[in-house]
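Student: I have not seen this structure before. Could you take me through it by question and answer?

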Amino acid sequence: MRDNSEIKRPHPTTRRGFIVLCGFAVVSLYGLWASYGAVPTSLGTAKRAMQTPATGMGSAQDMDSHIPVEEFRRRARAFVDANSLPDGSVKPAIADRSGAAYISEPVEVYVMARQYSYWPAVLRLGANIPYRFRIMAMDTDHGASIKFKGAAYMIRVRAGHAVEKVLVFKEPGEYPIYCTVYCGVGHDLMKGRIIVE
Amino acid sequence: MTNEALLNGLQRLPSGDKRLLKAFVVVAVLGLALGLVCGALTGFRRAGFVSLAPGLGYKILSLHGVSIFFYWLYFIQAGLVLMLASVYANGTGRLVGRPLAWLALALMIAGFALSEMTLTMDVPLLYDGHPKLVTGNTMIPGLFYLGYVVMSVGLFLVGTVGILTTLMPKFEGSVGPWSAVTFATVAWAGLLIVSAMAGFNVFLPPMLWAFGLGPPISDYAMKWHVLFHNMHYLPLMATVIIWYVLVETMTGVRSIFGSQFSKKVFASYLILVPPTFLYHMFLDPSLSETVRVIGSLLSLLIAVPTVLVYLIIVSSLECYARAQGGKGLFAWMRLLPWSNPAMTAIGLAAINLAIGGALSFVLIQERLAPLLSDTFFVPGYFHFLTLGTVTLTFIAALLYVVPGITTNPVWRPQLLNKLPYVITFGLLVFGAAGVTAGYIGVPRRVFDVGYGGEAPIGWEPLMVVVGIGAIFMSAGLGVYVYALARMLLRPAGKAGQQAVALPVVSLGAKPVGRHPAWVGPLSVLVVLGAMAVFTVLGFELMQSVPLSATGGGHAHH
Ligand code: HEM
Ligand SMILES: [Cu+2]
């Protein structure tokens, strides 16, 4: 009713333009994102920004490798059979550790996530070696988060789809894996381990 | 004089309308009470204060989410939107289509009963009810989806009655232009209808599937997120509408920016909210990188209307208070009626909105999704909004609405005036521990974070702190529920008796003059700073992780 238009010269802080400006101030967060390379800063760099991972952990993009469920199960069995150690853990063999071949071809790793376990549950990997993880949720959706000293890295896996990611562990250590997508009453039993040697 | 549109309007409502509104409020408070007990148990269970078998634990978590997030919020929104429509739509002073509203209430109650019963009987589906979790017998899950469907039909009718009530005076040619509140009420009722339709869209197909009448479900996640996004912005819009009404009721202050401007801001919700749901899906492999970058950008705009309404209210208050001799940067606030429990509730709701808002912006940056989505960060921050902002505000409105429709006075206002502080304190404890836990990877929806002794350091102690926060949150909310139940269930006061008014002030007697308003803009600046800090923390933590991860690269088959 009694509105500012009745006043000849309202104080600058009580003008509409001023509060609209304040309202849009949150958009300035864009600058901060850009400084971490998380968003494009100009059209020219847009493409690059979208392709190169800005952070150590890369972008959230997960590949779906379109492997059918039965085919995945077969490959995972073959992977575990070929690489099992007597203690039940699995250590993927690294065929050729020298030459360019291994740089361009990461070591294959298959993990099945299902109610309420990972298979294989314990992986022994080498530091600074690229592994191509393929993780499939066999029944309902699952997660497969890896806990490091500070933060954790989260992966979501949809039922019947194999997420594909190339992971390089940079420091030796034991890292728990746990499910971060509710999958039923045994959800908090789902755990595994990656031992980087 | 203080504006009395709300109080007078409530008292003048036909007694049939009062009975209807009261029924909505009674069921809403029942949902709140059930949700509260289950929320408390969930918090205590996570802290290890109580032990419950996993099956029971997840049933209780499901009941918490369903009772409080679906039913409390929908019943109370239904009640409040119908109240505003009948009280503020000039000229009617009554509901148009009351029988339809009773039908709506009956359907929503049927939905409520179905949801609660099925959740206690079968595999706990949690409130999002993902059909892939359904195993074995599909009959009970089918009834669970039916509950949501029936509730959605009711909600649709509520929105329709709300809009009819505001439009009818126009059809009858009896009134001129709408007030900003009437306009906002129409937007609110309209978005409730949108919510109802999004609800059919998600829950109808799995219901048919479960009853053997339809194909299996493959696109649940996307549809769910459309609904979910709508569901959690709608109560925020409702919150700022209620602030707008209550501030006018308690201080006589109206927007110094004019009602035209408020209408535009309320309208902008309709434009900005729908396209921003993408950020819930950043971890979904089906989204391309480009879509996710655009999603992040759009999401930045989502706070704009809420910040604007906040500024309209706070700057108007400051300007009026200064015109009344209010001084200092903050001292003018002493002129506000802080002995009124509704004022205290919305005052602290504004602070909780700032905290929750600042934290929420970390989640809209898609690069941070692998760090924080699905962690305890999420419940850690959103309770500032669902409990600290929205629920506190709706309760503040009830402190006016319930006496208005029952003529029973507010129960022990001085005691109620302390509860917002108790709840906010609890939230600060719960939120600080919860958000920290999220940054270091503690998952949500997991009761035993001990992982059989393998849990990383810090996980379990943080959950104990969360449990301590939950004690204060539950205690504060519990007293509110008791107070509301008492006020609702006591036999109504004598006919013609006036409800005892809560303390108000009148800041609107003199012309405003030329005064600055600093607190609103300053608080936006502080929130912006906090957002930056939380975002930097996220990026730095991510960079500290000794892992490099890239998508699958060239590995196509
Ligand atoms: C006394 C107050 C409350 C307490 C102690 C409480 C406690 C909790 C806790 C501990 C969780 C986390 C469960 C987990 O992820 O493991 C949770 C989840 C949740 N809370 Fe609350 N809460 C309260 C009030 C509310 C209110 C008022 C609302 C909404 C209006 C709400 C909505 C939710 C929702 C939607 C979830 C997510 C459920 C899920 O993940 O399935 N809570 N609550
Ligand atoms: Cu799982």
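**Chain A and the iron site**

Tutor: Among contacts in chain A (heavy atoms within 4.5 Å) between residues at least 6 apart in sequence, 63% join residues at least 24 apart. This is a predicted model, where local features need pLDDT of at least 70, side-chain atom pairs count only at pLDDT 80 or more, and totals for chains, interfaces and linings use all residues. Residues are numbered from 1 along each chain as its sequence is written, chains are lettered from A and ligands numbered from 1 in the order in which they are written, and side-chain values use heavy atoms, with hydrogens and water left out.

Student: How many helices and strands does chain A have?

Tutor: Helices (H or I, at least four residues) and strands (E, at least two) are DSSP runs, numbered from the N terminus. By that rule the secondary structure of chain A comes to five helices and 12 strands.

Student: Is strand 10 of chain A mostly covered or mostly exposed?

Tutor: Buried means under 20% relative accessible area, exposed over 50%, and partly exposed in between, with a 1.4 Å probe and protein chains only. On one side of strand 10 of chain A, A:A162, A:E164, A:V166 and A:V168 are buried, and on the other A:V163, A:K165, A:L167 and A:F169 are too. With eight of its eight residues buried, strand 10 (residues 162–169) of chain A is mostly covered.

Student: Which strand of chain B is joined to strand 10 of chain A?

Tutor: Two strands pair if DSSP finds at least two bridges between them. Within chain A, strand 5 (residues 130–137) pairs with strand 10 in the antiparallel sense over seven bridges, and A:M136 stands opposite A:A162. Five bridges, running antiparallel, join strand 10 of chain A to strand 1 (residues 547–551) of chain B.

Student: Is A:R132 buried or exposed?

Tutor: A:R132 has its place in strand 5 of chain A. Because its relative accessibility is 3%, A:R132 counts as buried.

Student: Which residues coordinate the iron atom of ligand 1?

Tutor: Donors are N, O and S atoms within 2.8 Å of the metal (3.2 Å for Na, K and Ca); water is not among the atoms, so sites may look incomplete. At 2.0 Å, the coordinating residues are B:H64 (NE2) and B:H383 (NE2).

Student: How many residues apart in sequence are the parts that this pair ties together?

Tutor: B:H64 lies in helix 3 (residues 54–88) of chain B, and B:H383 in helix 13 (residues 377–406) of chain B. The pair therefore ties together parts whose separation in sequence is 319 residues.
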